[in-house]
Amino acid sequence: MKVADERFEGPFVVHRNGFYYLFVSAGNCCNGGETAYRVLAGRSSSPTGPYLDRKGQDLGDGGGVLILAGSDTWAGPGHNSVVTDDAGTDWIVYHASPRRNIELPSGAQRREGLIDRIVWAD
């Protein structure tokens with residue numbers, strides 16, 4: 001069953017407070033400092049969707065709330081998972097490229113593992 005459109009990869013679903021949250025990556029992960037790779041999300045009352053963003057737009061039809069995007073320090077965050085620690089705190093684990101050292105000696109784009117606390121709002 002299709003729950004999101006062809007823009008996305010690396011889906012991860014979390015069940016929280018009666019809703020299913022679908023986290024997906026979009027964009028080209030490996031375009032150096034110009035990468036637009038990012039994480040978007042939507043939620044649903046069913047694991048099979050539809051997953052809607054805050055405006056009610058379906059992830060299968062152009063929707064998605066931006067969760068992670070590049071910054072001055074990191075390029076192309078994405079391909080995430082979500083974990084919950086023993087205290088009940090949720091964390092998003094993903095990779096991104098350090099802008100100041102974006103290439104490996106081989107010329108491939110460096111991607112480092114990162115983790116950030118999730119702060120749920122509404």
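Guide: Before we start, contact here means heavy atoms within 4.5 Å. This is a predicted model, in which local features need pLDDT of at least 70, side-chain atom pairs count only at pLDDT 80 or more, and totals for chains, interfaces and linings use all residues. Residues are numbered from 1 along each chain as its sequence is written, and side-chain values use heavy atoms, with hydrogens and water left out.

Visitor: Okay, which residues is Asn80 in contact with, leaving aside its neighbours within four places in sequence?

Guide: With those neighbours set aside, Asn80 is in contact with Gly10, Phe12, Phe23, Val24, Ser25, Val39, Ile92, Val93 and Tyr94.

Visitor: And is Asn80 buried or exposed?

Guide: Asn80 is buried, at a relative accessible area of 3%, where buried means under 20%, exposed over 50% and partly exposed in between, with a 1.4 Å probe and protein chains only. Asn80 lies in strand 5, residues 74-84, strands being DSSP runs of E with at least two residues, numbered from the N terminus.

Visitor: You listed Ser25 and Val39 there; what is the bridge partner of Ser25 in strand 3?

Guide: The partner is Val39. Strand 2 (residues 19-26) and strand 3 (residues 38-44) run antiparallel and are joined by seven bridges, whereas DSSP needs at least two bridges for two strands to pair.

Visitor: What sheet has the order 1-2-3-4?

Guide: That order belongs to an open sheet of four strands with antiparallel pairing. Its edge strands, each pairing on one side only, are strand 1 (8-16) and strand 4 (65-68).

Visitor: Switching topic, how exposed is Ile115?

Guide: Ile115, found in strand 7 (residues 112-117), is partly exposed, with a relative accessible area of 47%.
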